[in-house]
Amino acid sequence: MGNRFALAAFSAALLASTASFAADLPARTYTKAPVYAAPIYNWTGIYVGAHIGAAFGGDNSFTTNDPTLAGSKRDAAFLGGGQIGADYQFAPNWLVGIEGQISALSNSDRTFTSGVNSFRDRSDWLASVTGRLGYTWGPGLIYAKGGVAFRDDSGLSATAGFLPAVTDRNSTGYTVGGGLEYMFAPAWSAKVEYQYYNFDTTNVAYTNAGARALSYTDDLHTVKVGVNYRFNWGGPVVAKY
């Protein structure tokens with residue numbers, strides 16, 4: 001009987017102390033689940049960048065009244081340069097922009113020879129001012145571009161014997177192209193791009209072998225990879241739900 005009474009008294013004391021301890025505990029706090037924030041990529045802004053790539057000759061045909069004259073294809077060339085531009089994103093996935101670009105060429109020569117005497121057409125740099133229209137999806141952008149093309153006017157040089165007189169060699173032409181750009185970090189994007197340059201027809205006359213003439217189309221195909229840094233756009237805008 002005494003043991004039962006002692007056990008009951010101990011149990012009551014234990015329950016009382018537990019209730020007192022629970023009463024002293026602070027109220028349980030509930031935390032809100034993290035809210036998902038989806039980045040919205042904004043392409044509006046000014047950018048500068050650099051590129052490298054290659055240039056290849058286009059139309060290799062030519063016409064001449066010199067039966068001894070042979071012409072080579074335009075040499076493939078390494079190119080490298082820079083670009084500066086501005087974009088505006090609207091509606092909401094479309095983009096319009098303008099870009100200026102210049103590229104130095106390592107060796108873009110086309111040579112004509114009659115066996116002993118020869119001369120060459122060389123371009124040391126290409127430039128363009130283009131508008132572009134693109135479609136964006138998040139960090140990706142696909143675009144088309146077109147505008148005015150420029151090149152150096154160093155023209156033809158005689159490598160032996162010939163005395164060429166350039167009657168018409170255009171240093172201004174047109175360019176079209178397109179590419180894919182990807183925003184891989186805030187304010188940074190990388191691109192791959194194809195661009196075609198056309199400077200119409202070059203007409204050449206040379207005087208040391210009678211009234212001989214030559215005409216050929218001047219065009220180039222280029223492939224470039226590059227990177228851009230974007231100013232005044234602030235990185236991805238975060239939409240909170």
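Biologist: How much space lies in the largest cavity?
Modeller: About 40 Å³. A cavity here is a set of points on a 1 Å grid over the protein atoms alone where a 1.4 Å probe fits but cannot get out. The volume is the space filled by probe spheres set on those points, which are joined across faces, edges and corners. Keep in mind that this is a predicted model, where local features need pLDDT of at least 70 and side-chain atom pairs count only at pLDDT 80 or more, while totals for chains, interfaces and linings use all residues. Residues are numbered from 1 along each chain as its sequence is written, and side-chain values use heavy atoms, with hydrogens and water left out.

Biologist: Which residues line the largest cavity?
Modeller: R74, S123, R151, F199, D218, D219 and L220, lining meaning an atom within 4 Å of a point. Strand β13 (residues 212-231) gives the largest share, 3 residues; strands are DSSP E runs of at least two residues, numbered from the N terminus.

Biologist: Where does the charged end of R151 sit?
Modeller: Over the ring of F199, 4.5 Å from its centre. To count, CZ of Arg or NZ of Lys must be within 6 Å of the ring centre and within 35 degrees of the ring normal. R132 does this too, with its charged end over the ring of Y143 at 4.5 Å from the centre.

Biologist: Switching topic: how many salt bridges does the structure hold?
Modeller: There are 16, each a side-chain nitrogen of Lys or Arg within 4 Å of a carboxyl oxygen of Asp or Glu. R132 turns up again, bridging to E181 at 3.3 Å, N to O. R132 lies in strand β7 and E181 in strand β11 (residues 172-185), so the pair ties together parts 49 residues apart in sequence.

Biologist: Are R132 and E181 buried or exposed?
Modeller: Both are buried, with buried being under 20% relative accessible area, exposed over 50% and partly exposed in between (1.4 Å probe, protein chains only).

Biologist: What about K224, which residue does its side chain meet in a salt bridge?
Modeller: E193, at 3.9 Å, N to O. That pair links K224 in strand β13 to E193 in strand β12 (residues 188-206), 31 residues apart. K224 counts as buried at 1% relative accessibility, and E193 does at 2%.

Biologist: Which residues do salt bridges with shared partners join into one network?
Modeller: R74, D121, R151, R169 and D218.

Note on methods. 1 Å grid on protein atoms, 1.4 Å probe; cavity = no way out; pocket = protein on both sides within 12 Å on 5 of 7 lines; lining within 4 Å. Helix = DSSP H or I, 4+ residues; strand = E, 2+ residues; numbered from the N terminus.
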